[in-house]
Amino acid sequence: MTSGAADAAYDDDTLIARLLERDERAFRWLVRQLHGMMLAFARSFVRDAALAEEVVQETWVAVIDGLARFERRSTLKTWIYSILANKARTAAQRARRTVAFSDLGPAGGDPVDPDRFMANGHWASPIEPWDAMTPERIVAGQHLWTVARGAIELLPEAQRAVLILRDVEEQDGPTVASLLGISEGNQRVLLHRARASVRDALSKIMTDPQKAGPDKKTTQTGQGPRRQS
Amino acid sequence: MTCRDVSRRASTYLDEDLSLRERLALKAHLFICVNCRRYVAQLAATLNLVRDRQWAGVDEEAEDRLAAMFRQSGKSDGGSGFTCT
């Protein structure tokens, strides 16, 4: 029996059962859900794109082969990412690359650049509203995602790995810390920094670029277009 | 609590992991500070965007290649032809 709607979401039990029945549609669905982010995650360990692809492919092979023995002590996604993390770590070692995920870099645990604050702790310059979040922009959410995705790719490796696991794949903090072999505190610091960076990247396109342009005030009275919210 | 303190705690706040005391202090600050209100709201919007899986995707070629591998692996019972490490 195959699923109805092509893109219906599967729960873990259904998905595993379908995969064990060799349901290709279920497998393709899983690949669409995970593959892109798995690649980005693997590149946190191995910089080389071709090698990262190899690591992810090996992970899929191990998933297919090992599924019948998967004991379901974690979710399927967590299990897949733990295989991926192991394989990526091994590949990084083979490539003689050490991944210092616990190295938090300068400035202690501050997610936002200290230079953006005055001595008294206030913002040195105002936070601009995201005026560009118009309905049209929301419809064009694809563009927003492209920007966010680009920002994720540019994050320092450890931050990228944590953000992908925590926010994209929605794994909890302890799981992520143990997957990456870092402390929960470090995991949190990396996450905060990563989120702040992605927010900064989005801010560049979300703050109104036309402020200096011709007057675009929405009409408050009369028949002019009126935006509620 | 200063704006800088808020920026340090905003992410934990959104994860609902702040202690009650810190959460109240942060909320009190947000009440009086438009910049921090914006910052926290923008961080929340960022998280919503990143969590939205609509963008999930893979190039078709890679999907087809993996699907072919999946098909092949099922052809023989047990020994899939792929080694599990």
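**Reading the complex**

Reply: Begin with one residue: A:Arg28 has a relative accessibility of 19% and therefore counts as buried, where buried means under 20% relative accessible area, exposed over 50% and partly exposed in between, with a 1.4 Å probe and protein chains only. This is a predicted model, in which local features need pLDDT of at least 70 and side-chain atom pairs pLDDT 80 or more, while totals for chains, interfaces and linings use all residues. Residues are numbered from 1 along each chain as its sequence is written, chains are lettered from A and ligands numbered from 1 in the order in which they are written, and side-chain values use heavy atoms, with hydrogens and water left out.

Me: How is a salt bridge read, and with which residue does A:Arg28 form one?

Reply: Side chains of opposite charge can pair when their charged atoms come close. The rule asks for a side-chain nitrogen of Lys or Arg within 4 Å of a carboxyl oxygen of Asp or Glu. A:Arg28 forms a salt bridge with B:Glu63, and their closest N and O atoms are 2.9 Å apart. A:Arg28 belongs to helix 2 of chain A and B:Glu63 to helix 4 of chain B, so this pair joins two chains. Helices here are DSSP runs of H or I with at least four residues, strands are runs of E with at least two, and both are numbered from the N terminus. B:Glu63 is buried, at 7% relative accessible area.

Me: Which residues are linked with A:Arg28 and B:Glu63 in a network of salt bridges?

Reply: The network also holds A:Glu24, A:Arg32, B:Asp64 and B:Arg71.

Me: What would a salt bridge inside one chain look like?

Reply: Take B:Asp5 and B:Arg8, whose closest N and O atoms are 3.3 Å apart. Both lie in helix 1 of chain B, three residues apart, which is about one turn of the helix. B:Arg8 is partly exposed, with a relative accessible area of 32%.

Me: How is the size of an interface given?

Reply: It is often given as the accessible area lost when the parts come together. Buried area is that loss with a 1.4 Å probe, summed over both parts. Chain B and chain A bury about 4500 Å² between them, 60% of it on carbon and sulfur atoms. In contacts (heavy atoms within 4.5 Å), 41 residues of chain B meet 54 residues of chain A.

Me: How many residue pairs are in polar contact between the chains?

Reply: The count is 21, with both residues at pLDDT 80 or more. A polar contact is a pair of N or O atoms within 3.5 Å; within protein, one must be able to donate a hydrogen and the other to accept it, and residues adjacent in sequence count only if both atoms are side-chain atoms. On the side of chain B that touches chain A, the elements giving two or more residues are helix 1 (3–14), helix 3 (34–51) and helix 4 (60–73) of chain B. Helix 3 of chain B gives the most, with twelve residues.

Me: Where is B:His29 found, and is it buried or exposed?

Reply: B:His29 is in helix 2 (residues 20–32) of chain B and is buried, at 7% relative accessibility. A polar atom of its side chain lies 2.9 Å from the backbone oxygen of B:Met1. Leaving aside neighbours within four places in sequence, the contacts of B:His29 are B:Met1, B:Thr2, B:Cys3, B:Val6 and B:Cys36.

Me: What is the fold of chain A made of?

Reply: Chain A has nine helices and zero strands. Of its 229 residues, 46% count as buried.

Key. Buried area = accessible area lost by both parts, 1.4 Å probe.
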